[in-house]
Amino acid sequence: MHGLRNEYQDRVNFVILDYDIREDRALAERLGIAAHPAYATVGPGADDVATRFFGPTPERKLREVLDELIASLGS
């Protein structure tokens, strides 16, 4: 994930939550994330999760989700 973060960070904001921090745990619960690892996409200015999935995920799938998000935003 960190490699993708470096590659996409100029087009996508990445937020990594730490369940040991109360505020991070509260945000994860608000986003409906209850398992590790978990991934979610949220559009700019949106309160709703656009994409959510859990568990080990191949880089290919993460890249596909990021590319779709970028394309939908017209970036």
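This is a predicted model: local features need pLDDT of at least 70, side-chain atom pairs count only at pLDDT 80 or more; totals for chains, interfaces and linings use all residues.
Figure 1. The side chain of Glu-59 meets that of Arg-63 in a salt bridge, with an N to O distance of 2.6 Å. Both residues belong to helix α3, where a spacing of 4 residues separates them by about one helical turn. Salt bridges with shared partners bring Glu-7 into one network with Glu-59 and Arg-63. In the link between Glu-7 and Arg-63, the closest N and O atoms are 2.8 Å apart. Because Glu-7 lies in helix α1 and Arg-63 in helix α3, this pair ties together parts that are 56 residues apart in sequence. Glu-7 counts as partly exposed, at 40% relative accessibility, and Arg-63 also falls in the partly exposed class, at 24%.

**Figure 2. The salt bridge between Arg-11 and Asp-10.** The side chains of these two residues meet with an N to O distance of 3.4 Å. Arg-11 is partly exposed, with a relative accessible area of 40%, whereas Asp-10 counts as exposed at 64% relative accessibility. The count of salt bridges in the model comes to 4.

**Figure 3. Asp-24, a buried residue without a salt bridge.** Asp-24 has its place in helix α2, which covers residues 22-30. The nearest side chain of opposite charge is that of Arg-25, and it is 9.1 Å away; this separation is beyond the cut-off for a salt bridge, which requires a side-chain nitrogen of Lys or Arg within 4 Å of a carboxyl oxygen of Asp or Glu. When neighbours within four places in sequence are left aside, Asp-24 is in contact with Ile-16, Leu-17 and Asp-18.

**Figure 4. The antiparallel pair of strands β1 and β2.** Strand β1 comprises residues 38-42, and its covered face carries Tyr-39 and Thr-41, while Ala-38, Ala-40 and Val-42 belong to the uncovered face. Not counting residues up to four places away in sequence, Tyr-39 touches Met-1, Thr-51, Arg-52, Phe-53, Gly-55, Thr-57 and Leu-62.

**Figure 5. The largest nonpolar core, made up of 11 residues.** The elements that give two or more residues to the core are α1, residues 2-8, and α3, residues 59-73. Of the contributing elements, α3 gives the most, with 5 residues.

**Figure 6. The protein chain as a whole, with its 3 helices and 2 strands.** Read along the sequence, these elements follow the pattern α-α-β-β-α. The radius of gyration is 12 Å, close to the 11 Å that the globule rule gives for 75 residues, so the chain is as compact as a globular protein of that length. Along its principal axes, the C-alpha trace spans about 35 × 25 × 20 Å. Of the 75 residues, 27% count as buried. Among contacts between residues at least 6 apart in sequence, 27% join residues that are at least 24 apart.

Conventions:
Residues are numbered from 1 along each chain as its sequence is written. Side-chain values use heavy atoms; hydrogens and water are left out. Buried means under 20% relative accessible area, exposed over 50%, partly exposed in between (1.4 Å probe, protein chains only). Lys and Arg count as positive and Asp and Glu as negative; His and the chain ends are not counted. Contact means heavy atoms within 4.5 Å. Two strands pair if DSSP finds at least two bridges between them. A nonpolar core is a set of buried Ala, Val, Leu, Ile, Met, Phe, Trp, Tyr and Cys residues joined through side-chain atoms within 4.5 Å. The radius of gyration is taken over C-alpha atoms; the globule rule is 2.2 Å times the number of residues to the power 0.38.
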